[in-house]
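Subject: Structure handover

Hello,

Here is the structure I promised to pass on. Please open it alongside this note; my findings follow below.

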Amino acid sequence: MNRFIALIVGSTAVIASAIAVAQDNAAQTRGKLVFDNYCVHCHGTQTHNSGATTMLEEKYAGAIPGSLEQRTNLTFEFVETFVRGELGMAPYRPTEIPEDDFADLVAYLTRNNP
Ligand code: HEC
């Protein structure tokens with residue numbers, strides 16, 4: 001009986017973590033759409049010459065990638081500082097990128113973090 005309960009508890013944990021992974025993936029997929037809609041024309045990787053990617057390549061001089069999509073050190077707070085307009089970049093109001101979309105965007109941009 002105890003084994004049976006352990007099996008159920010173990011299975012539930014596996015299912016719960018599978019659901020968590022699926023939710024992460026869904027957020028990242030939605031976040032990529034937000035990125036492609038609002039960010040890619042300046043922060044793109046394909047268009048190497050896109051302004052912000054080139055600027056950030058110069059700023060970091062090879063220490064970290066200029067492309068936001070290839071970074072592994074972005075955080076919610078750091079992205080928020082730029083996207084909500086406290087530094088440098090033109091701001092995006094919550095009416096343009098609502099909080100839910102912003103959370104998905106950050107899920108996408110932080111997906112490679114260690
Ligand atoms: C019109 C062009 C443009 C668009 C669109 C744009 N950015 Fe930027 N972004 C820049 C420029 C230029 C910089 C460098 C600004 C600076 O260093 O002051 C920058 C800097 C940043 C940085 C700081 C990177 C670093 O390491 O210093 C982050 C994070 C960022 N942008 C996120 C985003 C996100 C997320 C979006 C989409 C919601 C976005 N940006 C849309 C032009 C843009």
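In what order do the elements of the chain run from the N terminus on? They run α-α-α-α-α. That is five helices and zero strands. Helices here are DSSP runs of H or I with at least four residues, strands are runs of E with at least two, and both are numbered from the N terminus.

Two points on reading this. The model is predicted, so local features need pLDDT of at least 70 and side-chain atom pairs count only at pLDDT 80 or more, while totals for chains, interfaces and linings use all residues. Residues are numbered from 1 along each chain as its sequence is written.

Confidence

The mean pLDDT (the predictor's confidence in each residue, from 0 to 100) is 86 for the chain. Of its residues, 83% reach 70 or more. Among the elements, helix 1 (residues 2–38) has the lowest mean pLDDT, 78. Helix 5 has the highest, 96.

Burial and contacts

The chain has 114 residues, and 13% of them are buried. A residue is buried if 20 or more other C-beta atoms lie within 10 Å of its own, exposed if 12 or fewer, and partly exposed in between; C-beta atoms are placed from the backbone. Contacts mean C-beta atoms, again placed from the backbone, within 7 Å. Take the contacts between residues at least 6 apart in sequence: 57% of these join residues at least 24 apart.

The core

The largest nonpolar core has ten residues. They are V34, C39, L68, V83, F102, L105, V106, A107, Y108 and L109. Such a core is a set of buried Ala, Val, Leu, Ile, Met, Phe, Trp, Tyr and Cys residues joined through C-beta atoms within 7 Å. Helix 5 (residues 99–109) gives the largest share, six residues. In soluble globular proteins, nonpolar side chains tend to be buried together. L68 belongs to this core. Leaving aside neighbours within four places in sequence, L68 is in contact with C39, H43, L74 and L109.

The ligand

There are 20 residues around the ligand. To count, a residue needs its C-beta atom, placed from the backbone, within 6 Å of the molecule. C39, C42, A52, F82 and G88 come nearest. Helix 2 (40–43), helix 3 (51–60) and helix 4 (76–83) each give two or more residues to the shell. By class, the shell has 16 nonpolar, four polar and no charged residues. Ala, Val, Leu, Ile, Met, Phe, Trp, Tyr, Cys and Pro count as nonpolar, Asp, Glu, Lys and Arg as charged, and the others, Gly among them, as polar. C39 is in the core list and also among the nearest to the ligand.

Loops and the tail

- G44 sits in the loop between helix 2 and helix 3. With 19 other C-beta atoms within 10 Å, G44 is partly exposed. G44 and E69 are 25 residues apart in sequence, yet 8.1 Å apart C-alpha to C-alpha.
- A61 is in the loop between helix 3 and helix 4. A61 is not a glycine, but has a positive phi of about 45 degrees. A61 is exposed, because 8 other C-beta atoms lie within 10 Å.
- Y92 lies in the loop between helix 4 and helix 5. Y92 counts as partly exposed, with 19 C-beta neighbours inside 10 Å. Beyond four places in sequence, Y92 is in contact with Y38, V83 and I97. The C-alpha atoms of Y92 and F102 are separated by 10.0 Å.
- P94 is in the loop between helix 4 and helix 5. P94 has 11 C-beta neighbours inside 10 Å, so P94 counts as exposed. P94 and R84 are ten residues apart along the chain, with C-alpha atoms separated by 8.2 Å.
- N113 is in the segment after helix 5. N113 counts as exposed, with 10 C-beta neighbours inside 10 Å. Beyond four places in sequence, N113 is in contact with T72 and N73. N113 and T75 are 38 residues apart in sequence and 8.9 Å apart in space, C-alpha to C-alpha.

Best wishes

Definitions and conventions:
Contact = placed C-beta atoms within 7 Å.
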